Amino acid sequence: MSIPNDTAPVAWASQTAGAATATDAIHPPRLSTQDALAQLLAAAFPSCVQPDAVEIVPTQDALNRVLAADIRSALDVPLADISAMDGYAVRAADVVAGRPMRVSQRVPAGHAPSGALQAGTAARVFTGARLPAGADTVVMQEQAHAHGETVAFDAPPPMGEWINRRGSDIRKDAVILPAGTRLTPQALGLAASVGCATLPLARRPRVAIAFTGDELTMPGEPLREGAIYNSSRFTLGGLLAALGCDVTDLGIVPDRLDATRDVLREAALAHDLILTSGGVSVGEADHVRAAVQAEGSLHLWQIAMKPGKPLAFGTVRRPAAAGPSCAGAPHDAAFFIGLPGNPVSSFVTFLLFVRPFILRLAGTRCVEPRALRMRADFTQKKADRRNEFLRARINEAGGLDLFQNQSSAVLTSTVWGDGLIDNPPGHAIQAGETVRFLPFSTLLA
């Protein structure tokens, strides 16, 4: 699945309670993963386009946040010609193999030269040291022979060797980090290298999360007959935390329409996105779809993918008293994404749909994970009519092994695996063929 970068708005054919037919409810049209994601990303206008959604944050606190404006350098980097090695700064034309030269000055890193380099002399310099005026070459110390206050060299050096020129890394006024950049540790270092003590950041997306199901029990509580532990609360909570979201956990919601509607109304008050797990299928106890239609609009439901077919996307009305919109949502609504209840389905759909949606809300320009072309070291003879996302692991031979049980309830596969094989609809995989692989290392970053 290739993630589109187009952010232009699209016209949705909303599946509202009044418009849906009985046939639609049983056999709704299923979008491809590509088309479904295109609709989500087209809706997610970045918060950084709103002036009141920009925060000025100390650079050391900006990890994984998103820049709301271009960062330009106020200086050249390096600020001057500097030595790339420990050695001796010379005029290349002055060097004769084996002939001693007087060492006229010593320049450590962080200190200014004592003056211009005198003709016929050398300056002892260290990595990062500023070169004295007149020096045009550095000879590394391994090619030098020092004797007291003199030094001799094995051979005349090439002019310009081992010098990092002024501005060779960054030119003054150059954009070093464009708006929409999600800040990695190395990006923070780059910002600090040009003197940025603070950075303008898009506000953190505010996400409310709820889990539907009378069968759900929290770890540490007695596991009653027919109940299961709520693993998705920990998986999805961790994923949201890794994305830097401001999260409100609304807990477990009973399998009742009125309770589900109450939670949606509460969540819409002050959140950009309402995220639910479970209750979006067609069972008698699945009330999320009906609740969203009653409290807002459902724009998308069911995707031609495995696992994760019953994914829903829409909006929930926000009371007028709640104030202006958050992160680009419609002025009177919060965004809604309903994930399947099975733990693997919710995990996979979060990575493929919720993660890029939240990144786009936060202002990130590039939300596409890096896919690898890798060899399949297994055969899967049965093709599925849906776009499959198969849990797989990289083996010692550099190929991919398949987890044997691809059920959407087997959470073990997500820990065992290194990523997902994006297998097109109707395609049976033969051992030795090249497949598209989405590593967890990029999907979880």
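Q: Strand 1 and strand 12: in what sense do they pair, and over how many bridges?
A: This is a predicted model, and in it strand 1 and strand 12 run antiparallel, joined over five bridges.

Q: Which residue of strand 12 is the bridge partner of Val 54?
A: That's Ala 202.

Q: And how many residues of strand 12 are buried?
A: Four of its five, so the strand, which spans residues 198–202, is mostly covered under the cut-off of 20% relative accessible area.

Q: OK, what's the strand order in the open sheet of six strands?
A: The order goes 16-13-17-21-20-18, and the pairing is mixed.

Q: Which strands stand at the edges there?
A: Strand 16 (246–253) and strand 18 (296–301). Each has a single partner strand, so one side of each has no neighbour in the sheet.

Q: What does the twist average from one strand to the next?
A: The average is 20°.

Q: What about strand 13 and strand 17, parallel or antiparallel?
A: Parallel, over five bridges; strand 13 covers residues 206–212 and strand 17 covers residues 273–277. Within that pair, Ala 210 sits opposite Thr 276 of strand 17.

Q: Which strands does helix 4 touch?
A: Helix 4 (residues 231–242) packs on the sheet and touches strand 13, strand 16, strand 17 and strand 21 (333–339). Its direction makes about 170° with that of strand 13.

Q: And helix 6, which strands does that one touch?
A: Helix 6 (residues 288–295) also packs on the sheet, in contact with strand 13, strand 17, strand 18, strand 20 (312–317) and strand 21. The angle between its direction and that of strand 18 is about 135°.

Q: What does Ser 277 touch?
A: Leaving out residues up to four places away in sequence, its contacts are Ala 210, Phe 211, Thr 212, Ser 232, Leu 236, Leu 339, Pro 340, Gly 341 and Ser 346.

Q: Switching to helix 2: how many of its residues are buried?
A: Eight of the 11 in helix 2 (residues 33–43), so mostly covered, going by the cut-off of under 20% relative accessible area. The buried set is Thr 33, Ala 36, Leu 37, Gln 39, Leu 40, Leu 41, Ala 42 and Ala 43.

Q: What do those buried residues of helix 2 pack against?
A: They pack against strand 18, strand 19, strand 20 and strand 21, plus helix 7 (343–361) and strand 23 (387–394).

Q: New topic, prolines. Is the peptide bond from Val 77 to Pro 78 cis or trans?
A: The bond is cis, with omega near -5°. Pro 78 is in the loop between strand 2 (71–72) and strand 3 (82–83).

Q: What about Lys 306 and Pro 307, what kind of peptide bond joins them?
A: A cis one, with omega about 0°. Pro 307 falls in the loop between strand 19 (305–306) and strand 20.

Key:
Residues numbered from 1 in each chain as written. Predicted model: local features only at pLDDT ≥ 70, side-chain atom pairs only at ≥ 80, totals over all residues. Heavy atoms only, no water. Pairing = 2+ DSSP bridges. Helix = DSSP H or I, 4+ residues; strand = E, 2+ residues; numbered from the N terminus. Axes fitted to C-alpha atoms, helices over the stretch in contact; angles between N-to-C directions. Contact = heavy atoms within 4.5 Å. Buried < 20%, exposed > 50% of the residue type's maximum accessible area, 1.4 Å probe, protein only.
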